[in-house]
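Subject: Structure handover

Hello,

Here is the structure for you to look at. My notes come after it.

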Amino acid sequence: MAKFGTAILGAILLIIALAVAGASSALSVFGGSGGSQPNRTALTDIPPDYLALYQQAATTCPGLDWSVPAAIGKVETDHGRSTLPGVRSGSNDKGAEGPMQFLRPTFNAVTAKHPIPRRETQAPSPYNPRDAIYTAVAYLCDSGARDRHNLHDAILAYNPAEWYVSKVLTQAQDYQSTTSLGSTAEASPSAREAINYAQGQLGLPYVWGGNGPAGGDTGFDCSGLTKAAYAAAGISLPRTAEEQFQTGPQVPNGQPLMPGDLVFYGVPGNDIHHVGLYIGSGQMINAPNFGGKVKIAPYRHQGDDYAGATRPGVSTSANSA
């Protein structure tokens with residue numbers, strides 16, 4: 001009975017969300033430029049009017065999934081439900097206002113450049129959910145989210161902290177359908193543990209040969225990070241990127257990646273020079289290079305030398321099934 005009641009609740013919320021969005025936007029929400037479908041978590045957690053706004057606004061930024069602004073809305077104010085100062089009136093101690101927590105100069109600059117569609121004559125307000133969400137999408141789009149050019153930096157522009165980027169991306173994945181590429185529901189328990197460990201290292205410096213604080217170093221190099229992440233999950237990997245690539249098991253070309261996969265760069269069998277930990281939604285955690293820090297970044301970019309991926313902890317027969 002409990003499962004049956006939950007299913008009915010999810011269906012009712014979905015119908016309400018579609019009704020608010022309007023029949024004309026239904027295709028863009030579920031299969032157009034709006035991106036993935038909301039899962040039961042999203043339908044039960046996000047107020048229907050907010051869900052419709054996230055989906056509608058996301059269609060104005062090609063390549064941006066609705067779940068990203070929805071995740072920001074969740075992290076910032078629990079979709080406007082927070083009772084803290086600055087959500088419905090006034091500002092918080094940083095000067096942020098409204099459900100999407102804008103600084104007023106930033107909000108005014110974005111709305112001047114990107115007028116809110118079908119806005120009435122009164123001036124846009126950061127306290128108005130529609131104004132705030134459309135403005136948040138425009139800001140993300142201008143900051144790198146368009147066509148997924150650099151989603152990491154777009155979120156980092158919203159709040160300059162690596163923990164914030166990680167939290168938003170994780171929340172966004174939790175809102176997507178479990179059949180969507182990159183959903184955390186696809187990750188094995190060991191992959192989840194590896195990702196959780198790697199997220200905890202965000203911001204540490206790149207150190208050549210570094211094995212992290214537990215290994216006596218201030219930071220990591222690329223393969224030191226992936227080795228430590230999987231060690232936290234009870235899976236032993238060799239030390240170098242080349243050795244990790246050879247250990248496998250390989251993810252067949254053309255098969256979708258799953259969170260926890262290791263992604264490699266270089267020439268197979270000759271010079272694998274970099275490795276990252278895929279976390280879903282086209283993103284990886286990696287220790288990039290000298291002068292950099294452990295961060296989240298797109299796993300593919302124009303002109304890269306992507307070599308392939310492996311799936312630690314999965315038997316060869318299971319991986320090829």
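The notes below cover a sheet, a helix pair and the cysteines, in that order. Please keep in mind that this is a predicted model.

Sheet

Five strands make up an open sheet, in the order β6-β5-β4-β3-β7, and their pairing is antiparallel. β6 (295-298) and β7 (306-310) are the edge strands; each has a single partner strand, so one side of each has no neighbour in the sheet. From one strand to the next, the twist averages 40°.

Within the sheet, β4 (residues 271-280) pairs with β5 (residues 283-286) in the antiparallel sense, over three bridges. In this pair, L277 stands opposite I285 of β5.

Two helices pack on the sheet. Helix α10 (residues 189-199) touches β4 and β5, and its direction makes about 100° with that of β4. Helix α11 (residues 222-232) touches β3 (262-267) as well as β4 and β5, and its direction makes about 45° with that of β4.

Helix pair

Two packed helices are described by the angle between their axes and the distance between the axes. For helix α4 (residues 48-58) and helix α7 (residues 129-145), the axes come within 9 Å and cross at roughly 35°. The crossing of α4 past α7 is right-handed.

On the α4 side, the contact is made by Y50, L53, Y54, Q56, A57 and A58. On the α7 side, the residues are P129, R130, I133, Y134 and V137. Sorted by class, the contact between α4 and α7 consists of nine nonpolar residues, one polar and one charged.

Cysteines

How many disulfides does the structure hold? There is one, formed by C61 and C141, with their sulfur atoms 2.2 Å apart. The link of C61 and C141 is right-handed, with 95° about the S-S bond.

Are C61 and C141 buried or exposed? Both are buried. C222 is buried too: its relative accessibility is 8%, and the cut-off for buried is under 20%.

Regards

Methods: Residues are numbered from 1 along each chain as its sequence is written. This is a predicted model: local features need pLDDT of at least 70, side-chain atom pairs count only at pLDDT 80 or more; totals for chains, interfaces and linings use all residues. Side-chain values use heavy atoms; hydrogens and water are left out. Two strands pair if DSSP finds at least two bridges between them. Helices (H or I, at least four residues) and strands (E, at least two) are DSSP runs, numbered from the N terminus. Axes are lines fitted to C-alpha atoms, for helices over the stretch in contact, and angles run from 0 to 180 degrees between N-to-C directions. Contact means heavy atoms within 4.5 Å. A crossing is left-handed if the near helix is turned anticlockwise from the far one by less than a right angle, and right-handed if clockwise. Ala, Val, Leu, Ile, Met, Phe, Trp, Tyr, Cys and Pro count as nonpolar, Asp, Glu, Lys and Arg as charged, and the others, Gly among them, as polar. A disulfide is a pair of cysteine sulfur atoms within 2.5 Å. Buried means under 20% relative accessible area, exposed over 50%, partly exposed in between (1.4 Å probe, protein chains only).
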